[in-house]
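I set out to record, entry by entry, what I looked up in this structure.

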Amino acid sequence: MNWDSFIIYAVLSAICWILGVWMAFQNKRKGAISSCILGSLVFFVFIIGLWISLDRPPLRTMGETRLWYSFFLSVIGVVLYSKLKYKWMLGFGTLMSLVFVFINLLKPEIHTKTLMPALQSPWFVPHVIVYMFSYAMMGAVTLFSCYLWFRKLPEEASDYELSICDNLVRIGWAFLTLGMVMGALWAKEAWGDYWTWDPKETWAFATWLSYLLYLHVRPTNKHQDFLFAWLIFSFILLQMCWWGINFLPSAQGSSIHIY
Amino acid sequence: MKRYACLLGVGMAFQFLIGEIDPSFLVYPWGLVIAINYLYVLIFLFVRSDQWKWVKCEYDRPASIASLSSLLLLTLLFGLIRQDNSTDGLMGWLGFTHMQTSWIFNIFLFQFMTMIGLKALDDICHWKKRRITKMVMHVSLFIILLAAIFGSGDKLRVRVMATEGHPVQIGLTHQGEQVVLPFILTLKDFSVEEYPTEEKGTMVIKQFHSELEVKQGEKMEVVNISVNHPAQIGSWRIYQSGYDTARGKMSTLSILECVRDGWYEVIHLALWLILAGGVWMFLQGWSYSKQKKEGKE
């Protein structure tokens, strides 16, 4: 299996996901959940197939990380829908997944089977997967906060809705921490330094601090405009860390993380 | 707010008067001695925090928010300003073009560490089962910052050029100073592992290995290292860093990085604690909203 067959799997997954969302809005919960899970499974089969055919984990290029992002977002969407019964959460999660699938169709960033020596480490897979899961989690909370902020309702978001935000951020932040620590342990094995303030690391630290600040502000701050704006700001930092630094003038030529 | 303005002022003054920070004074045993004294002062302040209100204001929620925001602001500047060590302009004058060794950044990092340290002590003394993850996170983050800051002078990184068959004991630091290693290295064999190539003329390196003979006094041992697989000799670790790329597979030169890090075990322990804390935090999952209903938080 290679990138040539991606279109087949992408279309199959997209059909399942869209059907799932449609069923959710028809209030057919079980059908919606099973259809979405089926879509994610089909997508996962492609990832595993790619892994086997490349003979290395498909985590090397931006395009390959986007595959995992789409996959995790679709899974998070269906888990949140089955848990919290918000239809549009499934809808937005699916939409964002599809956007990333579409980017990959246009720009798959195919890379050979090779991995450079520094990437030959048991930390490579968990480090990147944990980060991708965390990014997807933060993507979900950003969509959620946008929805709560801009929906046309006279009342503000309820305490319950805000606690959903907090939980998503907490889990996402836990994974950001895991990814960062795994990266530090890996860097020590590879180069002898835990942390070198490489631009990617600096922005990862900023993102981590920003979400941590949200978690510390929340118990005393109920000012919703501020909270939602802060979540969106944090997500911008996250995007900066993920791909923004590839275009940032101050990071040019000084990062080992450009890929 | 006033306090942070003061810290900023002190940072600027030091930056202007002294220039960038040179952590070499924190070399063993002084780094450890200062760290122990710092811990003593921290515990002393914490014990007195019931009488001294200002100490409590160093680690309550507003303090944590202020400290996190100021550190975030500096980190953003760190990310946005090119780190080229230039001394030109306002940013160069403030030390923001070499943030890692600038006074302002390190003073705020120190203040951040102090706040977490006091909070960690507070967590330990007011131990509650449901707050265990927060405690683990605060304690281990504090240990990491403590070891990173007070151990920074102890860290020594030496580049060694080893040629097959020739014993070497001298390496160069990044500043170009010669360092005599406490052991003698002899490269027995250097090898490059390649990917099987499909196209002719292209060679893709998978891994490279060095077989080294390490002689320390009377003791002699043979170690194999490759990228991601260093060898440990006491508090030193030997990393495979490079080779003579012009000769490629035929290279008889292996470039090694020898790193001395006496705080390795301490930081590793703390990092694994954070990993455990992170996993725990995830497994706890959705417990927060229940606490909210009970009105505990």
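Predicted model: local features only at pLDDT ≥ 70, side-chain atom pairs only at ≥ 80, totals over all residues.

My notes on the structure shown above follow.

**Entry 1: domains of chain A.** I looked up the domain assignment of chain A and found domain 1 (1–114) and domain 2 (116–259). I then took the distance between the C-alpha centres of domain 1 of chain A and domain 2 of chain A, which is 21 Å. I recorded that 17 residues of domain 1 of chain A are in contact with 17 residues of domain 2 of chain A.

**Entry 2: helices H2 and H3 of chain A.** I next examined helix H2 (residues 29–54) of chain A and helix H3 (residues 62–84) of chain A, whose axes come within 10 Å and cross at roughly 160°. How do H2(A) and H3(A) run to each other? An angle over 145 degrees counts as roughly antiparallel, and H2(A) and H3(A) are therefore roughly antiparallel to each other. I noted the crossing of H2(A) and H3(A) as left-handed. Among the residues that meet here, I marked A:Phe43, A:Phe44 and A:Ile47 in H2(A), and A:Leu67, A:Phe71 and A:Tyr81 in H3(A).

**Entry 3: helices H4 and H5 of chain A.** I then turned to H4(A) and helix H5 (residues 124–150) of chain A, and found that their axes come within 10 Å and cross at roughly 125°. That angle makes H4(A) oblique to H5(A). I recorded the crossing of H4(A) and H5(A) as right-handed. H4(A) brings A:Trp88, A:Met89, A:Phe92, A:Gly93 and A:Met96 to meet A:Gly139, A:Ala140, A:Leu143, A:Phe144 and A:Tyr147 in H5(A). I counted the contact of H4(A) with H5(A) by class as eight nonpolar, two polar and no charged.

**Entry 4: A:Lys87.** I located A:Lys87 in helix H4 (residues 87–106) of chain A. I found that A:Lys87 counts as partly exposed because it has 16 C-beta neighbours inside 10 Å. Beyond its neighbours within four places in sequence, A:Lys87 is in contact with A:Ala24, A:Phe25 and A:Tyr81. I also recorded that A:Lys87 and A:Leu105, 18 residues apart in sequence, are 27 Å apart in space, C-alpha to C-alpha.

**Entry 5: chain A against chain B.** How many residues does each chain give to the contact? I found 40 residues from chain A and 43 residues from chain B. On the side of chain A that touches chain B, helix H6 (159–191) and helix H7 (199–217) of chain A each supply at least two residues. H6(A) gives the most to this side, with 16 residues. I noted the classes on this side of chain A as 22 nonpolar, 13 polar and five charged residues.

**Entry 6: domains of chain B.** Lastly, I looked up chain B, which is divided into domain 1 (2–154) and domain 2 (156–260). I recorded 36 Å between the centres of domain 1 of chain B and domain 2 of chain B, taken over C-alpha atoms.

Terms used: Residues numbered from 1 in each chain as written. Chains lettered and ligands numbered in written order. Axes fitted to C-alpha atoms, helices over the stretch in contact; angles between N-to-C directions. Helix = DSSP H or I, 4+ residues; strand = E, 2+ residues; numbered from the N terminus. Parallel < 35°, antiparallel > 145°, perpendicular 65-115°, else oblique. Left-handed = near helix turned anticlockwise from the far one by under 90°. Contact = placed C-beta atoms within 7 Å. Nonpolar A, V, L, I, M, F, W, Y, C, P; charged D, E, K, R; others polar. Domains from an automatic or database assignment. Buried ≥ 20, exposed ≤ 12 C-beta atoms within 10 Å, placed from the backbone.
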